[in-house]
Amino acid sequence: MTMPLKIDIVSIFPGMVNASLTEGVVARAIARGLVDVAVHDLRDFTTDRHRIVDDVPFGGGPGMVMKPEPFFAAVDAIRTERGVPSAIVLTTPDGAKFTHRDAVRLSESGHVVVLCGRYEGVDDRVRRHLATEELSIGDYVLSGGELPALVMLDAMARLVPGVVGDEESVARDTFMRGLLDYPQYTRPASFQGADVPAVLLSGHHKAIDRWRRREALARTLEQRPDLLESAGLDDEDRMILEELRTRDR
Ligand code: JD8
């Protein structure tokens, strides 16, 4: 272990975040001390009796905006209690798209704080003067930053050495190889008249590898041809692709 990856999540819904850390790969990584996750209730960093975290927007308009002070106070407390973070991520639909490269970079950075907004978003001074980067998980509208934070946590945690077993091998994961995955089958070999491809039952490992590579290339060509440009293709791959392309013309 390289020292556990530290992740701090700041939210007005700590229960929602904690609930999703009770099962699965991330929960096991936390239990094994490979990842150190701390969830912080933003309201604990308010100073008024009612623990108010939002206010009306200057200039008018619908909805409420999250006040800056609790976010700054939360990050100050994190710096004191947990050390100086290597990145402070603001989850926002305006951010750059969170990709596997970001997951690798942040996972290797050592200590990531993720700030979650709600309502109409967060006072822009948090973005400009507290966050070190703004990230979005995709072009759809969510109600807040908690699900994006959990998506990022999952993607980062599984990159920590030892979190994902060798059988599930990270090295073979979809976007790392740059191609979509090949089709997977398990028993029964025949189900409601749909049979598992015979090559997978053959025990001929080289033939199985060739079939899988070909299927991965065919799926990528069909579903995500954009990925082919940056996938590490060899001459054999290019031959197969040329054949697949001419076949469905
Ligand atoms: C943070 C509030 C709610 C709803 C204004 C900003 C990320 N990929 C993504 N989609 N949505 C978010 C996201 C949404 C958020 C907040 C992230 C804080 N909201 C919206 C209506 C319009 N706000 C996201 N990452």
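User: Why is Arg125 called partly exposed?

Analyst: Arg125 has a relative accessible area of 45%. Buried means under 20%, exposed over 50%, and partly exposed anything in between (1.4 Å probe, protein chains only). The value of 45% falls in between, so Arg125 is partly exposed. This is a predicted model: local features need pLDDT of at least 70, side-chain atom pairs count only at pLDDT 80 or more, and totals for chains, interfaces and linings use all residues. Residues are numbered from 1 along each chain as its sequence is written, and side-chain values use heavy atoms, with hydrogens and water left out.

User: What makes the pairing of Arg125 with Asp123 a salt bridge?

Analyst: A salt bridge needs a side-chain nitrogen of Lys or Arg within 4 Å of a carboxyl oxygen of Asp or Glu. The closest N and O atoms of Arg125 and Asp123 are 2.8 Å apart. That meets the cut-off, so the pair counts. Asp123 itself is buried, at 17% relative accessibility.

User: Which other pair is three residues apart, in helix 3?

Analyst: Asp76 and Arg79, in helix 3 (residues 69-82), are also separated by about one helical turn. Their salt bridge has an N to O distance of 2.9 Å. Asp76 is partly exposed at 43%, and Arg79 is partly exposed at 33%.

User: How do you know that the buried residues of helix 4 are on the same side?

Analyst: The buried residues of helix 4 (residues 100-109) are Asp102, Ala103, Leu106 and Ser107. They cover an arc of only 125° around the axis, which puts them on the same side of helix 4. The arc is that of the directions from the helix axis to the C-beta atoms. The face turned away from this buried side carries the exposed residues Arg101 and Glu108.

User: What covers the buried residues of helix 4?

Analyst: The cover includes strand 1 (5-11), strand 5 (87-97), strand 6 (111-115), strand 7 (133-136) and helix 6 (146-157). The test is contact, meaning heavy atoms within 4.5 Å.

User: What makes the group with Phe13 and Met16 a nonpolar patch?

Analyst: Patches are made of residues with over 30% relative accessible area and no salt bridge; like charges are joined within 9 Å, nonpolar side chains (Val, Leu, Ile, Met, Phe, Trp, Tyr) within 5 Å. Take Met16, in helix 1 (residues 14-19). Its relative accessibility is 32%. That is over 30%, so Met16 passes the area cut-off. Phe13, Tyr140, Leu142 and Leu147 complete the patch, and the five have about 440 Å² of accessible area together. Areas come from the Shrake-Rupley method with a 1.4 Å probe; for residues, only the protein chains shown count as cover.

User: What makes Arg51 and Gln192 stand out in phi?

Analyst: Most residues other than glycine have a negative phi, and most peptide bonds are trans. Phi of Arg51 is positive, near 55°. Phi of Gln192 is positive too, near 50°. Arg51 lies in the loop between strand 2 (35-41) and strand 3 (54-55). Gln192 lies in the loop between strand 8 and strand 9 (194-195). Gln192 counts as exposed at 73%, while Arg51 is partly exposed at 34%.

User: Which kind of peptide bond, cis or trans, leads from Arg187 to Pro188?

Analyst: The bond is cis, with omega near 5°. Pro188 lies in the loop between helix 7 (174-177) and strand 8 (190-191).

Notes: Helix = DSSP H or I, 4+ residues; strand = E, 2+ residues; numbered from the N terminus.
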